[in-house]
Amino acid sequence: MAIIINLDKVLEREGMKSNELADKIGITTANLSILKTGKAKAVRFSTLEAICEILNCQPGDILEYQEEN
């Protein structure tokens, strides 16, 4: 996939665990795991906004585009 999810890096930088973030943004840990592993086909802007608010980051800190070879 050309979109890379860097959520683990941002979580580590902020010293937060996945289950804590999931609780704070109101999604299941299973759905957050799907997002973190890049298996999600889409992400709601409201979810992305909540993640950025809690982790004090920008969407570009979480999402990265890499060309596929």
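**Reading the model, feature by feature**

Tutor: Start with N6, which counts as buried because its relative accessibility is 10%. Keep in mind that this is a predicted model.

Student: Where is N6, and what is N6 in contact with?

Tutor: N6 lies in the loop between strand 1 (3-5) and helix 1. Leaving aside neighbours within four places in sequence, N6 is in contact with D61, I62 and E64.

Student: How do I decide whether a residue is buried or exposed?

Tutor: Look at the relative accessible area: under 20% is buried and over 50% is exposed. K9, whose place is in helix 1, has 60% relative accessibility and so counts as exposed. T47 is found in helix 4, and T47 is buried, with a relative accessible area of 17%.

Student: Which residues of helix 2 are buried?

Tutor: Helix 2 covers residues 18-25, and its buried residues are L21, A22 and I25. These residues cover an arc of only 100° around the axis, so they are on the same side of helix 2.

Student: What covers the buried residues of helix 2?

Tutor: The cover includes helix 1 (7-14), helix 3 and helix 4. Take L21 as a case. Not counting residues up to four places away in sequence, L21 touches L7, L11, M16, L32, I54 and L55.

Student: Which residues are buried in helix 4?

Tutor: In helix 4 the buried residues are T47, L48, A50, I51, C52 and L55. What covers them includes helix 1, helix 2, helix 3, helix 5 and strand 2.

Student: Why would I look for nonpolar side chains together in the interior of a protein?

Tutor: In soluble globular proteins, nonpolar side chains tend to be buried together. Now the case at hand. The largest nonpolar core has 18 residues, and those that touch the most other members are L7, L21, L35, I51, L55 and I62. Helix 1, helix 2, helix 3 and helix 4 are the elements that give two or more residues to this core. The largest share, 5 residues, comes from helix 4.

Student: What should I look at in a pocket?

Tutor: Look at its volume, its lining and the classes of the lining residues. Here the largest pocket holds about 270 Å³ of space. Its lining consists of I25, I27, N31, I34, L35, A40, A42, V43, R44, S46, T47 and A50.

Student: How many of the lining residues are nonpolar, polar and charged?

Tutor: The lining of the largest pocket has 8 nonpolar, 3 polar and 1 charged residues. Some names have come up before. I25 lines the largest pocket and is also one of the buried residues of helix 2. T47 and A50 line the pocket too, and both are among the buried residues of helix 4.

Student: What can I learn from the backbone angle phi just after a helix?

Tutor: Helix 2 is followed by G26, whose phi is positive, near 80°. Just after helix 4, N56 takes a positive phi of about 55°. In the case of N56, the positive value occurs in a residue other than glycine.

Student: Where does N56 lie, and is N56 buried or exposed?

Tutor: N56 lies in the loop between helix 4 and helix 5 (59-62). Its relative accessibility is 63%, so N56 counts as exposed.

Student: How do I compare separation along the chain with separation in space?

Tutor: Take two residues, note how many places apart they are in sequence, then note the distance between their C-alpha atoms. E68 and A2 are 66 residues apart in sequence and 5.8 Å apart in space. K9 and A30 are 21 residues apart along the chain, with 18 Å between their C-alpha atoms. For T47 and V10, 37 residues apart along the chain, the C-alpha separation is 15 Å.

Student: Where is E68, and is E68 buried or exposed?

Tutor: E68 is found in the segment after strand 2 (63-65). With a relative accessible area of 55%, E68 is exposed.

Conventions:
Residues numbered from 1 in each chain as written. Predicted model: local features only at pLDDT ≥ 70, side-chain atom pairs only at ≥ 80, totals over all residues. Heavy atoms only, no water. 1 Å grid on protein atoms, 1.4 Å probe; cavity = no way out; pocket = protein on both sides within 12 Å on 5 of 7 lines; lining within 4 Å. Points joined across faces, edges and corners; volume = space filled by probe spheres on them. Nonpolar A, V, L, I, M, F, W, Y, C, P; charged D, E, K, R; others polar. Buried < 20%, exposed > 50% of the residue type's maximum accessible area, 1.4 Å probe, protein only. Helix = DSSP H or I, 4+ residues; strand = E, 2+ residues; numbered from the N terminus. Arc of directions from axis to C-beta. Contact = heavy atoms within 4.5 Å. Core = buried A, V, L, I, M, F, W, Y, C linked by side-chain atoms within 4.5 Å.
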